[in-house]
Amino acid sequence: MIYLDALQISFIIVAPVVVLFVLFLLLFNPIKRKLYHKNFRNYYGKKVYKVALYEDFYLINNFIFSHEEGKGTKIDHLLFGNKYVYVINDYYFDGSLSGKEKDGSLILITKSGKKSYVDNPLMTNAVVTKRLSVVTNHDKTMFISIALVNKECALDIVHKEKNNYLIQVDNLYKLIKAIESRDIPPIEPDQLQRAVKDMDKYNKKGYARRAKKGI
């Protein structure tokens with residue numbers, strides 16, 4: 001029979017705990033990033049809803065409208081502020097982005113240093129916002145385009161536009177507060193209500209067309 005002293009017994013008990021703790025530290029961040037990537041739209045949605053709730057703004061999520069012979073376009077969040085309507089779309093990038101706001105593509109550099117090119121969300125959102133303005137017959141100056149990215153995505157974008165933004169999701173509330181504080185009159189209540197009704201109408205039509213096509 002083998003007899004163990006107190007030190008050996010303590011080592012046998014503590015060693016597995018230490019190993020598990022080290023494994024937890026090594027795996028926690030990769031697992032957290034993977035889960036965040038998989039569920040980033042839910043996380044962003046909560047951030048947008050927080051703005052709508054705190055500022056008493058009307059919000060339509062998963063807005064769909066048709067254009068150009070019935071082709072559908074989806075907007076993740078349509079937020080109706082006091083002075084603007086915000087066209088918000090969600091993006092996730094595993095790395096940092098750099099470039100100019102008018103570039104067709106931006107440079108994506110991963111943490112490992114790998115470089116690639118991705119479609120510029122600023123340009124994509126600008127096109128979507130223009131289409132929405134045309135099909136709803138609302139002045140384009142009413143709309144602000146916002147592309148949201150994950151907070152880990154560093155941004156080095158040359159930017160001058162005042163109606164088209166690419167920001168980390170955690171900065172959304174601060175940005176909208178700043179935009180809403182601009183020295184311009186608010187949208188007339190009747191005009192805002194008409195815009196909400198128009199958007200809701202187009203949204204229902206968009207979903208109806210998708211259902212008809214079995215999408």
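At what angle do helix α2 and helix α4 pack, and how far apart are their axes?

**Basis**

This is a predicted model, in which local features need pLDDT of at least 70, side-chain atom pairs count only at pLDDT 80 or more, and totals for chains, interfaces and linings use all residues. Residues are numbered from 1 along each chain as its sequence is written, and side-chain values use heavy atoms, without hydrogens and water.

**Helix pair**

Helix α2 (residues 40–55) and helix α4 (residues 172–180) pack at an angle of about 40°, and their axes lie 9 Å apart. Helices are DSSP runs of H or I with at least four residues, and strands are runs of E with at least two. Axes are lines fitted to C-alpha atoms over the stretch in contact, with angles from 0 to 180 degrees between N-to-C directions. The two helices α2 and α4 are therefore oblique to each other, a class left after under 35 degrees (roughly parallel), over 145 (roughly antiparallel) and 65 to 115 (roughly perpendicular).

In the contact (heavy atoms within 4.5 Å), K47, V48, K50, V51, Y54 and E55 of α2 meet L172, Y173, I176 and K177 of α4. These residues divide into six nonpolar, no polar and four charged.

**Pocket lining**

α3 (121–136) and β7 (143–149) each supply at least two residues to the lining of the largest pocket. The largest share, five residues, comes from α3.

Notes. Nonpolar A, V, L, I, M, F, W, Y, C, P; charged D, E, K, R; others polar.
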